[in-house]
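Please keep the sequence and the structure in view while reading.

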Amino acid sequence: VASDYLPHLTFQVAQDYLQAISEELDVISKASGRSVSILKSEVDEISRAQTLPEMLERARIDYRAPLDLAATGFDDDSFDLVYSYAVKAHLPDVTLRDGASEAKRVLKSGGIVAHSIGLQDPYNKLNGGHLIDFLQYSESVWGFLNHNSVQHNNRVRASQHLSIYTDLGATVLKTHVNVDQASRERLRVLKIDRRFDGLSDEDLATVSLAMVAQF
């Protein structure tokens, strides 16, 4: 099952992803334990599709968009894995918490959550490339600056993302954080908003997080 808050997927995008997959069959084979020849035959079969619905059907993908991540409507204990890439930085704080609770509900016992999350200032190209300058603003100022019709951007830090899951009883199995050294230096001159009081310099200067946790 693949989901999105709006139906962004097009036939061309799906074809591009399929091409990218076809170029990584050796990697996928090692990770999945399936032979390259079998994987190639499946990719070839999917690539014969002439429309997006046909491609999704051949790939056995149930694409649902829009979908409310906090109220998916799926049955309890019905999934093995909940995964996202470059999504959680764009969800309101309350949706992050409610979405994690929903993931716990739909996952089977021992189910896995895996997320790749960007934590950098989304407007860094406008402020000299500084990746954490958005941490200086109060909530009201950030709300004004971040008000747009394209996408929401939150400022949740790596430790806070992890706490959302551990507070629900999940065990963090693996993390990979990218601590930006230039941002650590930037903290010497940047006055951070009090919302982030108590967080370490390393946490404040972390610009991406990959996490795997288990319920």
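**Questions and answers on the model**

Q: Does E102 count as buried or exposed?
A: Buried means under 20% relative accessible area, exposed over 50%, and partly exposed in between, with a 1.4 Å probe and protein chains only. The relative accessibility of E102 is 8%, and therefore E102 counts as buried.

Q: On what basis are the residues numbered and the values computed?
A: This is a predicted model, in which local features need pLDDT of at least 70 and side-chain atom pairs count only at pLDDT 80 or more, while totals for chains, interfaces and linings use all residues. Residues are numbered from 1 along each chain as its sequence is written, and side-chain values use heavy atoms, with hydrogens and water left out.

Q: In which helix does E102 lie, and which residues does E102 touch, not counting residues up to four places away in sequence?
A: Helices (H or I, at least four residues) and strands (E, at least two) are DSSP runs, numbered from the N terminus. On that basis E102 lies in helix α5. Contact means heavy atoms within 4.5 Å. Leaving out residues up to four places away in sequence, E102 touches L69, A70, A71, T72 and G73.

Q: Does P66 count as buried or exposed?
A: P66 is found in the loop between β2 (63–64) and β3 (79–85). Leaving aside neighbours within four places in sequence, P66 is in contact with D4, Y5, L6 and P7. The C-alpha atoms of P66 and P7 are separated by 6.1 Å, although these residues are 59 residues apart along the chain. Because its relative accessibility is 60%, P66 counts as exposed.

Q: How many bridges join β4 to β6?
A: The strands β4 and β6 run antiparallel. Within this part of the sheet, S116 stands opposite A210 in β6. The number of bridges that join β4 to β6 is 7.

Q: At roughly what angle do the axes of α5 and α7 cross?
A: Residues L96, R97 and A100 in α5 meet H161, I164 and Y165 in α7. Axes are lines fitted to C-alpha atoms, for helices over the stretch in contact, and angles run from 0 to 180 degrees between N-to-C directions. The axes of α5 and α7 come within 9 Å and cross at roughly 40°.

Q: What percentage of the residues in the protein chain is buried?
A: The secondary structure of the chain comes to 9 helices and 6 strands. Its C-alpha atoms fill a box of roughly 55 × 40 × 35 Å, taken along the principal axes. Of the 215 residues in the protein chain, the buried share is 31%.

Methods
Pairing = 2+ DSSP bridges.
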